[in-house]
Amino acid sequence: MQAAHSLGSMSGEDIVQTAGLTKRFGRTTALDGVSLTIGPGEVFGYLGPNGAGKTTTIRLLMGLLRPTSGTAYVLGLDAWRQSREVHRVVGYVPGEPALYDRLTGRQHIAYCAHLRHRDDSELAARTAARLELDLDRPARTLSRGNRQKLAVVLAVMSRPRLLVLDEPTSGIDPLVQQVFHAILREHTAAGGSALFSSHVLGEVERVADRIGVVRAGKLVAVERLQELAARSLHQVRARFAEEVSVAEFAGVPGVRDVRVDGRSLACSAPQAALDALLKRVSARQVEDFECSEAPLEETFLGYYGMDTAGTGRPGTDTAGTGRPGGVEAEAGHAR
Amino acid sequence: MLANVLLKTLRDQGRTLLAWSVSLALIVATYAAIWPSVQSQPSMSDFIDQMPEAFRSLFATSSADMSTPTGYIQVELLSFMGPIAVLIYSISAGAGAIGGEEDRHTMDLLLSNPVSRGRVVLDKFAAMVLGTFLLAAVMGVSLVLEGSMVDMVLPTDKVAAAMLHLALLGVVFGSLALALSAGTGHTGLSRGVPAVLAVLAYIVNALAPLVDVFDRIQKVSPFFQYIAHDPLRQGTAWDSVLVSAGTAAVLLALAVVGFRRRDVAG
């Protein structure tokens, strides 16, 4: 633990930093110039459809793949050339957690603890108990969910600085997911960071501070989750005592899809426009009013849906990570 | 047994090694059981002498005299059965070393620990070498002990020398399998190429006296290092030991370099 901290303090503020990370397999480009950073205490939600390049990014960070071009650094260490040092401070949950069939959970823990030259069996046993995982069964008899749990136990038991999680909660039931989220929060509260990949936003929106979207090997957007929420559209409906006109509401900045039918109004508005809109509405005599937030998933798809081409906003990626203090403050708020 | 990659690999091979050991002891016991009847049948040697020369070269190394325990074991065990058994084990162990963990997708788990790829290759190599030497030792001990029960007396030091050379033969081809496994990750290829090369090396060495081309390249055959100097009579040939050990060392170095340079299959 001490060694890990001294490594971290020497390596600057970014826990993960990739620049132009590219991986080609033969003629297929699996990952194309991905640059991202993850700050201390930050959970980075890494989203994209299956086959978009999430696992490739993760396996490059773990030094299992050699970058075709570009670089990946973890705590200032080169992920490919210094992979052994990187692994000392990283916990990894692979996408399809493969285990040694004949070894029990406890034996897996013993093996990894020996390879790490540290005894983590106590924390491992406690984590397993929280996840309600039986450590005395051979891995081949475990269900997919239980294999996933064991992979999580093995990843967190050494108290790593960074958790690299490739769809860690797929196959785990919702109650256990909550336990997993709690474990993740404790990890970040202690200053740890995480890369959390998923193909659905719902899986990461409760824990992620920022979201990166990867599609066809390209990082198309990086968003602070809070900002995304701020831009999420609210559906506003109102019924008035008298007839109103479109012009009264269409002028409010940010308001869109204004529809007026006699005495009723329907429109969508981002959070920032709500105040001005409400004032216009309340200038009239209101009979009924309704305002509901669209699910984040919808907003998200609206911005980065499958039909949306282009490269997103290149500036947003680096904007937040230069100020780790701000990241942590906002991270706390986002949860 | 889970303290490091070497012990874990030996633990994984435990049942395999036990099965091989029992089989080898039984094979040797079978030969020992037949020995008394062979000894009382001088015509066996005539039978071999009457074989076509090519055939005799393939099955009986040098001048084998079936009426002595040394000649009998030379023909029956050391020319064919012994090498086959040891090679099947060592090539399988070498081929499965790296590619096997990738096939089962456990390499990601193993390498996510702070273990260097070089260390993984070295430990897997060490496990293959230990396993091969164990099997050769089991065969040697069986020969001496089971042989003494049926008056098939073999000189212990010469048996040890023959087994040393046999183990090194296994290690050379096992290292080739390991190098291919580490460099490519393809278990089938890593098993197939050394197996085919072992057959070729065997034929080259055995038919060298008859075929000019083979005679010129005979010395590169690991079978030449293994048996050409007749270890059961002449004992250890240290130059052959050095050549075999050197070959294995070069292949091991290639395995380390190969594995450190490539992507791990996920």
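Strands E1(A) and E2(A) run antiparallel and are joined by 7 bridges; strands are DSSP runs of E with at least two residues, helices are runs of H or I with at least four, and both are numbered from the N terminus. Two strands count as paired if DSSP finds at least two bridges between them. This is a predicted model, with local features needing pLDDT of at least 70, side-chain atom pairs counting only at pLDDT 80 or more, and totals for chains, interfaces and linings using all residues. Residues are numbered from 1 along each chain as its sequence is written, chains are lettered from A and ligands numbered from 1 in the order written, and side-chain values use heavy atoms, without hydrogens and water.

**The E1–E2 hairpin**
- Across this pair, A:Arg24 faces A:Thr29 of E2(A).
- The hairpin has 2 residues between its strands, and A:Gly26 adopts a positive phi near 60° there.

**The sheet**
- In chain A, 4 strands make an open antiparallel sheet, ordered E2-E1-E4-E5.
- Its edges are E2 (28-38) and E5 (77-78) of chain A, each pairing on one side only.
- E1 (16-25) and E4 (69-74) of chain A are antiparallel partners over 5 bridges, and A:Thr18 sits opposite A:Ala72 in E4(A).

**The helix**
- Helix H2 (54-61) of chain A lies across E1, E2 and E4 of chain A, at about 115° to E1(A). Contact means heavy atoms within 4.5 Å, and angles, from 0 to 180 degrees, are taken between N-to-C directions of axes fitted to C-alpha atoms, for helices over the stretch in contact.
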